[in-house]
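The sequence and the model are shown first, and the description follows.

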Amino acid sequence: MKKFTPLLLVALLGLTACDQAAAGVAPDNGNQETENIKVVESQDNGANLQEQENENNGENTPEDPALEEEDAQVPEAEEFEAILYFPSTDYLLGVTEDEKTVTEEVTLQGDKAQGVLDALAEGPQGEDAETTGLENYDYTAELDGDTARVDFTGEISGSSTEEEVLLRAVVNSLLSVDGIKAVVITIDGEEAETLMGHMLIDEPFVNLL
C-alpha cells in the first residue's frame with residue numbers, strides 16, 4: 001500500500017491543475033504587466049511635465065542668433081572733441097576781438113553737428129560767459145560729408161549784435177570739430193540771404209568769424 005502513495009499525490013496534483021484550467025484560473029501575469037505599464041506611463045508623464053515647466057521658465061529655449069548678432073553690431077557712440085564759442089560778459093564794452101569770446105573745450109558723443117549745437121544751447125559751464133541765444137530757436141543740424149548743415153525753423157529776428165553773436169558761436173564751434181570743413185545755414189530748409197537781416201549767410205562758411 002505504501003508503494004502507491006507518491007503516485008496518488010502526483011495524480012491529485014494533476015487533477016487540481018486541470019480543475020483550475022477548466023475554471024479559467026490562469027497565472028496572475030496580467031496584473032503584473034498592467035502595473036508595469038502604469039509605472040512607465042507615470043514616468044513619461046512626469047518627464048513631459050518637467051519639460052513643459054522648463055520651457056515656461058525659459059530653460060532649454062535656444063537664443064535667437066539674429067538677436068545676438070544685432071546686439072553685437074550696435075556700435076558705441078563715437079566721442080569727439082570740440083571748442084564751444086560763447087560771448088563774454090564784456091562783449092558790448094568795446095573790447096578786443098579776443099576778449100569778446102570765451103571758449104570751452106569739451107568732449108561730446110554721437111552726431112557731431114547736432115551734438116555741438118545742443119551743447120551750445122545748454123549754455124556755458126564757466127564764468128565770464130553768456131548764452132548765445134541759440135536756445136531760443138528751433139534748429140536741426142546734420143553732417144553731410146565734411147559740411148555741417150544747420151537749419152532754423154520759424155521766425156528768427158534780432159539785432160545785429162544778437163545775429164553776430166549767434167552766427168559766431170554756431171560757425172566757429174562747428175569748424176572747431178575735426179572733419180568739419182564748412183558750415184551751411186538755411187531757414188525752413190531754404191537758402192536765405194541773411195539770418196536776421198544783417199549778416200549774409202548765402203554762402204558756406206569755411207573760416208572762423
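## Burial and overall fold

The chain has 209 residues, of which 29% count as buried. The model described here is predicted.

Five helices and five strands make up the secondary structure of the chain.

## The aromatic pair

One aromatic pair is present in the structure. Tyr137 and Phe152 form this pair in an edge-to-face arrangement, with 6.5 Å from centre to centre and an angle of 90° between the planes. The arrangement counts as edge-to-face because the angle between the planes is over 60 degrees.

Tyr137 is located in the loop between helix 4 (112-122) and strand 3 (138-144), whereas Phe152 belongs to strand 4 (residues 147-153), so the pair ties together parts that are 15 residues apart in sequence. Tyr137 has a relative accessible area of 17% and is buried. Phe152, with a relative accessible area of 1%, is buried. Both assignments follow because buried means under 20% relative accessible area.

## Contacts across the sequence

Asp138 is part of strand 3. With a relative accessibility of 53%, Asp138 counts as exposed, because the exposed class begins over 50%. Between Asp138 and Thr153 there are 15 residues in sequence, while their C-alpha atoms are 5.6 Å apart in space.

Glu164 and Met199 stand 35 residues apart in sequence, and the C-alpha to C-alpha separation in space is 7.3 Å. The relative accessibility of Glu164 is 25%, so this residue counts as partly exposed.

## The negative surface patch

Which residues form the negative surface patch? The patch consists of Asp188, Glu190, Glu191, Glu193, Asp202 and Glu203.

Among these residues, Glu191 is found in the segment that comes after strand 5 (182-187). Is Glu191 buried or exposed? The relative accessible area of Glu191 is 74%, so Glu191 is exposed.

Definitions and conventions. Residues are numbered from 1 along each chain as its sequence is written. This is a predicted model: local features need pLDDT of at least 70, side-chain atom pairs count only at pLDDT 80 or more; totals for chains, interfaces and linings use all residues. Side-chain values use heavy atoms; hydrogens and water are left out. Patches are made of residues with over 30% relative accessible area and no salt bridge: like charges are joined within 9 Å, nonpolar side chains (Val, Leu, Ile, Met, Phe, Trp, Tyr) within 5 Å. Accessible areas come from the Shrake-Rupley method with a 1.4 Å probe; for residues, only the protein chains shown count as cover. A salt bridge is a side-chain nitrogen of Lys or Arg within 4 Å of a carboxyl oxygen of Asp or Glu. Lys and Arg count as positive and Asp and Glu as negative; His and the chain ends are not counted. The place of a charge is taken as NZ of Lys, CZ of Arg, CG of Asp or CD of Glu. Helices (H or I, at least four residues) and strands (E, at least two) are DSSP runs, numbered from the N terminus. Buried means under 20% relative accessible area, exposed over 50%, partly exposed in between (1.4 Å probe, protein chains only). Rings of Phe, Tyr and Trp (its six-membered ring) pair if their centres lie within 6.5 Å; planes under 30 degrees apart count as stacked, over 60 as edge-to-face and the rest as tilted.
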